[in-house]
Amino acid sequence: MERNMRASLIMALLLLCTWSCTEMVNGQQQQQQRRQQQQQRSCRGQHLRAQQPYETIRSEAGTIALSTRQDNDELDCAGVEIIRETIERDGLSVPRFHNTPQIVYVVEGEGRFGVVFPGCPETFRRPPFGAGQGECQRRRRGSGQEEEREEEEGGSEEQRTRRDRECARDESSQKVRRVRRGDVVAIFAGAAHWWYNDGDKPLRIVAIADSSNYQNQLDKSYRPFFLAGSPATRERREKLGEGRNYGGNMLAGFDANMLAEAFGVSKNTAINLQENNQGRGLHIRVTEQRRRRPGQILSLAEEDTDDDSRPAENGLAQLFCNMRLRHNADNPEDADVFVRDGGRLNTINRFKLHALTHLNLAAERGVLRPRALFAPSWLSSHAILYATRGDARIQVVENRGRRVFDGRVQEGQFLVIPQFYAVVKRAGDQGFEWITFTTSHSPIRSSFTGRNSVLKAMPQEVVMNAYNISRREAHELRWNREHEFLILPPRQQDYERGRSDQ
């Protein structure tokens with residue numbers, strides 16, 4: 001009997017995994033077809049620009065800056081929208097979900113990130129605000145004198161057990177993750193999530209929302225659905241303070257009586273849910289009295305124990321509840337390309353962060369030393385480059401050999417690079433750091449030069465005739481950079497020429 005039950009369970013898990021893989025493949029095929037249909041016209045013959053997000057939404061404890069597909073032809077070509085968010089110290093970015101999947105990069109600061117998957121257990125026992133222990137943990141670890149005082153004041157053992165159980169329920173939640181500079185975070189469409197800044201500096205994040213993704217069944221616009229907060233005022237660059245509201249508490253749209261009945265609370269409580277944060281916007285400052293008392297500082301190891309490779313109790317837990325949602329892209333030891341005096345490149349794709357398989361998104365974190373060169377190359381997907389430090393001269397060339405961008409990209413600016421457009425970067429005198437988001441979970445990068453050069457992989461006679469050059473020139477073209485890969489350290493003559501070009 002037990003053997004039959006075990007076999008049935010294994011069969012059910014296999015069927016669930018097969019169904020999940022089939023749905024993912026079908027969804028990605030639909031996404032590619034949809035993206036091609038929607039962007040066929042918008043990607044034709046455009047000139048690219050390095051630009052800042054178009055509008056800003058200000059709240060009590062933070063700001064959101066974004067550019068949408070409606071306002072930006074390049075983003076419309078890529079089928080994405082870009083969001084830059086700043087959360088001030090002790091600021092809470094109110095719970096929300098989106099109609100699109102997102103991939104997020106933490107530019108600066110540290111904090112906490114919570115995401116909810118329906119059906120996963122609330123087994124987390126750490127308070128989200130403050131770095132301390134929960135009230136229940138402090139009570140359990142209290143001194144003997146405190147326990148004796150509880151016995152005198154708290155009544156019977158049964159009452160104390162009930163209070164402990166209620167206290168544990170109050171402190172329980174789904175996983176709360178620690179995030180810090182360099183983290184790449186995957187967020188599913190429809191997954192409610194929140195951010196909290198418990199660090200000493202602003203928490204700055206940048207993200208793309210993939211509105212062409214198959215998970216979005218609404219129109220091609222990015223739509224955030226806020227579970228709390230109040231509408232905030234949008235400021236466009238041309239018309240500051242034009243007064244259009246952004247966001248709003250979804251609960252405010254329901255009838256208070258029906259809301260009270262649904263939650264099992266009083267009507268006054270329901271009205272408070274709808275109105276208590278009026279005027280504070282979408283980033284709320286957590287007041288001292290609403291924070292836990294500080295206690296033992298939690299280390300990253302204590303909080304970041306999620307692992308999508310460990311065994312799970314059922315298919316749901318295996319697919320989502322234990323899934324890793326973050327991977328740090330600023331770790332030099334994890335770099336895919338590391339060149340002394342040149343820089344490094346960290347690729348975060350589905351092989352390093354499996355959650356990206358379901359989103360069909362990925363990221364590249366690049367660091368170039370002063371005057372270093374990132375070799376001419378192209379990606380098999382759209383790419384949205386965001387500069388996080390320094391500046392670089394970047395050139396982008398389209399299929400007809402026409403240069404569609406040639407200029408400097410500075411910190412805080414973004415540049416959309418359409419699929420298969422070739423790009424070259426040279427860092428400025430202060431170096432250059434960037435994050436690139438791609439619209440494929442495992443894009444292929446091809447390079448003109450270096451160890452994996454497409455020209456080196458061709459017969460020498462093909463190169464000679466294609467470019468009408470001598471055998472010696474073809475040999476130099478194919479082999480002069482054979483020991484280098486993508487990132488090329490500056491040579492002295494290159495450095496001097498670069499300074500004269502400025």
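Biologist: Which residues form a nonpolar patch on the surface?
Modeller: That would be Phe263, Val265 and Leu273, which together have about 250 Å² of accessible area. Keep in mind that this is a predicted model.

Biologist: And where does Val265 sit?
Modeller: Val265 is in the loop between α6 (256–263) and α7 (267–275). With a relative accessible area of 32%, Val265 is partly exposed.

Biologist: OK, stepping back. How many helices and strands does the chain have?
Modeller: There are 13 helices and 25 strands. The chain has 502 residues, and 49% of them count as buried. Of the contacts with a separation of 6 or more, 76% are between residues 24 or more positions apart.

Biologist: Let's look at a helix. Which residues of α11 are buried?
Modeller: In α11, residues 460–467, the buried ones are Gln460, Val463 and Met464. Looking down the axis of α11, they fall within an arc of 100 degrees, so they line one face of the helix.

Biologist: What's on the other side of α11, and what covers the buried residues?
Modeller: Asn465 and Ala466 are exposed on the other side. The cover over the buried residues includes α12 (471–479). Just after α11, Asn468 takes a positive phi of about 55 degrees.

Biologist: Switching to charges: how many salt bridges are there in the whole structure?
Modeller: A search finds 31. One of them joins the side chains of Glu60 and Arg280, at 3.0 Å from N to O.

Biologist: Which parts does that pair tie together?
Modeller: Glu60 is in the loop between β1 (55–59) and β2 (62–67), while Arg280 is in the loop between α7 and β14 (283–285), so the pair ties together parts 220 residues apart in sequence. Glu60 is partly exposed at 35% relative accessibility, and Arg280 counts as partly exposed at 22%.

Biologist: What does Glu108 pair with?
Modeller: Its salt-bridge partner is Arg204, at 2.8 Å from N to O. Glu108 belongs to strand β5 and Arg204 to strand β10, and they are 96 residues apart.

Biologist: And Arg393, what's its partner?
Modeller: Arg393 forms a salt bridge with Asp406, and their closest N and O atoms are 3.0 Å apart. Arg393 lies in strand β20 and Asp406 in strand β21, so this pair ties together parts 13 residues apart in sequence.

Technical notes: Residues numbered from 1 in each chain as written. Predicted model: local features only at pLDDT ≥ 70, side-chain atom pairs only at ≥ 80, totals over all residues. Heavy atoms only, no water. Helix = DSSP H or I, 4+ residues; strand = E, 2+ residues; numbered from the N terminus. Buried < 20%, exposed > 50% of the residue type's maximum accessible area, 1.4 Å probe, protein only. Contact = heavy atoms within 4.5 Å. Arc of directions from axis to C-beta. Patch = residues over 30% accessible without salt bridge, like charges linked within 9 Å, V, L, I, M, F, W, Y side chains within 5 Å. Areas by Shrake-Rupley, 256 points an atom, 1.4 Å probe, with all protein chains shown as cover. Salt bridge = Lys/Arg side-chain N within 4 Å of Asp/Glu carboxyl O.
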